[in-house]
Amino acid sequence: MLGRMKICGLALVVLAAGFAAAASADDYPSRPVTILTPFAAGSATDTAARLVSKYLQEALGQSFVIENRDGAGGMLAAEAVAHAQPDGYTLLLTSNSTHSAAPGLFKRVPYDPIKDFTPIARIGSFPSFIAVTNDLPVKSMEELVAYAKANPGKVTAGYGNSTGRITTEIVKRRHNIDIVPVAYRSNPAAVTDLMAGHIEMGVPDFSTGLAMAKSGKFRPLAVLTKDRDPALPDVPTLDATVMPGFDLLAWTGMFGPAGMPKEIVDKLAAPIEKALAKDDVRQRFRDVGVEVYWIGPDGFSAYVKDELVKWTTLIKAADIQPE
C-alpha cells in the first residue's frame with residue numbers, strides 16, 4: 001500500500017511539473033530576458049545581438065537586455081549560459097569563437113559546446129579581411145609576405161577573435177614568416193590600434209573595420225572568403241593571392257542552456273526568422289557588416305557539430321597549441 005502511495009505521489013509530482021512547464025511556455029516571456037554576448041560593445045556579435053533583441057522585443061512585448069561579458073576567448077559568457085536555468089530568460093548570442101574554436105584553442109573549456117546548449121537559430125555571418133596600417137610599405141598580400149620575410153619580427157598582427165588568430169597563424173605557418181601576434185579581448189580594440197599604427201596588421205570583421213577601410217584609415221589587402229565580397233569589390237581573396245584553397249567565414253547564432261522547452265525555442269526562433277526575411281531588415285544587418293544567414297533550431301544543431309569539426313581541423317593545421 002505504501003509503495004502504491006509513493007508511486008502515485010511521484011506521478012503527481014511529474015504531472016504537476018509538466019503542467020508548470022506548459023504554463024511557463026504559454027506565458028513566456030513574462031519578465032525581461034537577458035542576452036549575453038561574449039565580446040565587447042561595438043563588436044560584430046554585440047551589434048547583431050542588439051538588432052536581434054530589438055525585433056524580439058517588438059514581437060514578444062518584453063524587454064531583451066544585452067549584457068556584454070567579454071574575456072577568456074568568449075568562454076565567460078558561454079559558461080554562464082551553460083549553467084543557467086533552461087527557462088528562456090538567459091540566452092547567448094555568440095559566434096564560432098565559443099562553439100567552434102574554443103575546444104581547439106584552450107586546454108580547459110568549462111562547457112560542452114554541443115551538450116550544454118539548446119540551439120535556437122543561426123542568424124548570420126561575419127565576413128573578415130586582412131588589413132595593414134597605411135605606414136607599412138605594402139599594397140598586396142604578396143608584398144606583405146615579402147616584407148615580413150625581409151623584416152622578421154617587425155610586423156605585429158592584432159586579433160580580437162578566433163578568426164583573426166587562426167588566419168594569422170595559418171599565414172605565418174604557410175609562408176614561414178615571423179609575424180608577432182598580439183591578442184585583444186575584442187576586435188574593436190584591435191581596430192583602434194591598427195588605425196593608430198600601434199600594430200601593423202589586423203584581421204577586422206566587416207562590422208568593426210569596413211567603414212575604416214573604405215575611408216582610408218587602413219589598407220585592406222585580402223578578404224578571407226573564397227569569393228570576393230561586394231562590399232570590398234576591389235580587394236582580392238586570400239585564396240587568389242598567397243593562400244590557395246583558403247576560405248573562412250565566421251558565423252553568429254543564438255543558444256539557450258540545454259533542456260529548454262521546444263515551445264520556448266519556437267517562440268524565440270519564429271519572430272527572428274520573420275524579421276530576417278524582410279529586405280529592409282537584411283539591409284540593416286548588411287549595413288553593420290553582418291550577412292543574414294538563417295538556419296532554424298533543428299538545422300542549426302547539425303551545423304554547429306559540423307563547424308566544430310571544421311574549426312578544430314583548421315586550428316591543428318595552423319599548429320596552434322592550446323592555451
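User: What makes Gly61, the residue that follows α2, worth a look in terms of phi?

Analyst: Its phi is positive, near 70 degrees. A quick note first: this is a predicted model, where local features need pLDDT of at least 70, side-chain atom pairs count only at pLDDT 80 or more, and totals for chains, interfaces and linings use all residues. Residues are numbered from 1 along each chain as its sequence is written, and side-chain values use heavy atoms, with hydrogens and water left out.

User: What makes α2 a helix, and what is its expected span?

Analyst: Helices here are DSSP runs of H or I with at least four residues (strands are E, at least two), numbered from the N terminus.

User: Why is Asn176 called exposed?

Analyst: Exposed means over 50% relative accessible area, buried under 20%, and partly exposed in between (1.4 Å probe, protein chains only). Asn176 has 67% relative accessibility, so Asn176 counts as exposed. This residue sits in the loop between α6 (162–175) and β7 (179–183), and has a positive phi of about 50 degrees although it is not a glycine.

User: And why is Asp319 called partly exposed?

Analyst: Asp319 has 41% relative accessibility, so Asp319 falls in the in-between class. Asp319 is in the segment after α11 (297–317), with a positive phi near 60 degrees.
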